Structures are given as C-alpha cells and as structure tokens.
Amino acid sequence: SSELFLRWLCNHRKRNFFLKVSNVIDLIAVMPFYFERFPGVASGSGANFVRVLRLVRIIRVIGLVLKLSKYSAGARVLGQTILECGNELGILSITLLIACVLFGSAFFYCENSRLDVEESEFNSIMRSTYVALITILTIGYGDYSPTTVCGEATASIAALTGIFVLGLPTSVIGVKFHDLYNQMLREMQIAEERERLREAAEKMQALRGIQKLGKVILGPRYEVGDEITNLQRAKIRKRAKAVFEEVDYDGSGAIDALEMGRAMKGLGAPMSKEALAEAINFMDEDGNGVIDEREFTTFVERMIVGDIPATMEVVHGAMVGGGVQMQSHKADSKAY
C-alpha cells in the first residue's frame, strides 16, 4: 500500500495514474487487506469475493516479469520471439488440441467397454483428455493409468505422437529465438561502434581546436616540433600569457569551458560541448574543470615539443577500438 501510494504521489499525472493496467492490478491486489477489516466481508458470500481479489496478486508477478524486460535484453528477445512465432504457436496449439481429443476419446472407449457400467477411473471424456494431455507432453503424473491392452497401446502411440507434435514447432521457435538473439547482439555492437566513433569525432574536433590555438600562440614562423632556442621559447611563453589573459574574459585567473568556447568561436573553429570538455580535459592537470595559467603554460610547452597526438592517431584508435586517451600530463611531468 505504501509503495503504491508513493508511486501515485511522485507521479506528475495523478489523474491518469490508475488508467494504466499495471497500477489497477496493484490497487486490486491491496484491496483484500482493507476489505477484511469490515465485519461480515471475510465470511459468507463475501469470502469468495475476497479470495478472487487475492488471486489478482498472482498477476502482479506477471507485471514484474514485464517490468524486467525493460532491463533485460534476454527477456525482450524472448517476448519478441513469442510475438513473432504466433503462427507456429497457433499450429502447436491446434495440433495439441486435436491430439488430446482423439487420444482422450480412445482412452475412454478402451477403458470402458460397457458404457452403461462404470468400469475404470476413466469415467468421462474430460478426465480421459487430461490423461491424454499429460501423456502427449510426456509428464505422466501416474495418478491415472490404463489397465487394458487397448488403453496401453493408445498410451504408447500418444507418447510417440507427442514427440512429433512438440518437437517440430519447438525447433522452429528455437531457431527464431537464436536469430533474434544474434540480431540483438549485432544491434548492440553497432550501437557501441557508433558511440566509439562519436567519441572519436569529439576528440578529433577538440584536437583540431587545440592545434589551431597552438598555432596562434606559436605564431606563423614556428611549426609544432621545430627546434626553438631559449630566447624564442621565452617569447612564446610571453605570447601564451597574453593569450591566456585575453581568453580569460572574467579575469578569474582560470579558463572555463564557456570562455574556451568563445575563444574557439572567435578563431573560426567553433566546438561542441563534448569537444570543449575533451579540450579542457586535455589541458587540465588537477582535474578541477578549469585551466589556470600554469596548466596553460604547460600546454604551450607540449605544443613546442610536438607532444600532441595526431589526428590520424585518434582515427586509428577509433577503428581498432582502443581509442587515444587525450589526457594531460601529470604535475610531476618534466617542464621543457
């Protein structure tokens, strides 16, 4: 009751809450607890009504299984298999019904040679059909068994018939389940590939932005990886400080993703939020989500020595599945 009340309380559409079948079943399942509190309801004719409501609790188990399909791929495949094998299940049901009626009638007339005298436990067609069903399904409870030669022969034929009645449709359903399960695995693999390629595209976009920012800092006369003298290095560091102060719009002494995005847009290389996050993560050494002046200078030092992964490395990493981790150097890395 408490769980149902809390679900209703947390639902944004309270008027439509009990329009769902699963919620109605849950409501009916808790009603017997309150009906039994009224005098006279739990006895007499009202007791049967309460028992019927109690049976509804069993349906909640089916509801739990249906909810499980949201989180279990195997349960979804099983449900899809049942839906797509409607024809096979229909053939199985009709064939099984015909076999039960035929062998049930045979059991009844074999065990009752005189219809005007009750000679055996097979005293009705319904009971004989029940025996035929458990024989065809090879369950064989043993509560009823034929005593005549005719009845035993009928039971033997019914058991053999059950192999063909159940075997052929079941194999078709098994093949369908196998095909759908393999299809599900392929779809999951495709989704993983798309996600990996998406991440690679974001890293490539971040990498291009970083390279463009590095070229602005190094200037047109320098290329990444060139031999640079100490004097030239000092000039580049001075230029990097000027760029840092220019990008730091709010003067907080740190560059966040918003400021980086404005700077890259000004350079003609706009980046998505995911790519900006990759770029920030590449320069951010302490993991606080922003870039201070020391981290920015370290990034420039890495640009000078060419310690930046190439675009093709990112593409190759995405193709082979490993990926190229665009991570910043630790604080204890060498300063050039």
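R262 lies over the face of Y249, 3.9 Å from the ring centre. The model here is a predicted one.

Me: How many aromatic pairs does the structure hold?
Reply: A pair of aromatic rings is described by how far apart the centres are and by the angle of the planes. Going through this predicted model, the number of aromatic pairs it holds comes to four.

Me: Take F108 and Y109: what kind of pair do their rings make?
Reply: Their ring centres are 5.3 Å apart. The planes sit at 80°, and over 60 degrees counts as edge-to-face. So the F108 and Y109 pair is edge-to-face.

Me: Which parts does the pair of Y130 and Y144 tie together?
Reply: This pair is edge-to-face, with centres 6.2 Å apart and planes at 90°. Y130 lies in helix α6, residues 125–136, and Y144 lies in the loop between α6 and α7. The parts are 14 residues apart in sequence, so what the pair ties together is helix α6 and the loop between α6 and α7.

Me: And what is the relative accessible area of Y144?
Reply: Y130 counts as partly exposed at 30% relative accessibility. Y144 is partly exposed too, and its relative accessible area is 22%.

Me: Which side chain of opposite charge is nearest to E295?
Reply: E295 lies in helix α11, residues 293–305. E295 is buried yet has no salt bridge. A salt bridge needs the atoms within 4 Å, while the nearest side chain of opposite charge is 4.2 Å away, and that is R294.

Me: Which residue has its backbone nitrogen 3.2 Å from a polar atom of the E295 side chain?
Reply: Leaving out residues up to four places away in sequence, E295 touches M283, D284, E285, D286 and V290. The backbone nitrogen lying 3.2 Å from a polar atom of the E295 side chain belongs to D286.

Me: How far does the backbone oxygen of F122 lie from a polar atom of the N112 side chain?
Reply: N112 has its place in the loop between α5 (86–111) and α6. Its relative accessibility is 5%, so N112 counts as buried. A polar atom of the N112 side chain lies 2.9 Å from the backbone oxygen of F108. For the backbone oxygen of F122, the distance is 2.6 Å.

Terms used: Residues numbered from 1 in each chain as written. Predicted model: local features only at pLDDT ≥ 70, side-chain atom pairs only at ≥ 80, totals over all residues. Heavy atoms only, no water. Phe/Tyr/Trp six-rings, centres within 6.5 Å; stacked < 30°, edge-to-face > 60°. Helix = DSSP H or I, 4+ residues; strand = E, 2+ residues; numbered from the N terminus. Buried < 20%, exposed > 50% of the residue type's maximum accessible area, 1.4 Å probe, protein only. Lys NZ or Arg CZ within 6 Å of the ring centre and 35° of its normal. Lys, Arg positive; Asp, Glu negative; His and termini not counted. Polar contact = N/O pair within 3.5 Å; in protein donor to acceptor, adjacent residues only side chain to side chain. Contact = heavy atoms within 4.5 Å.
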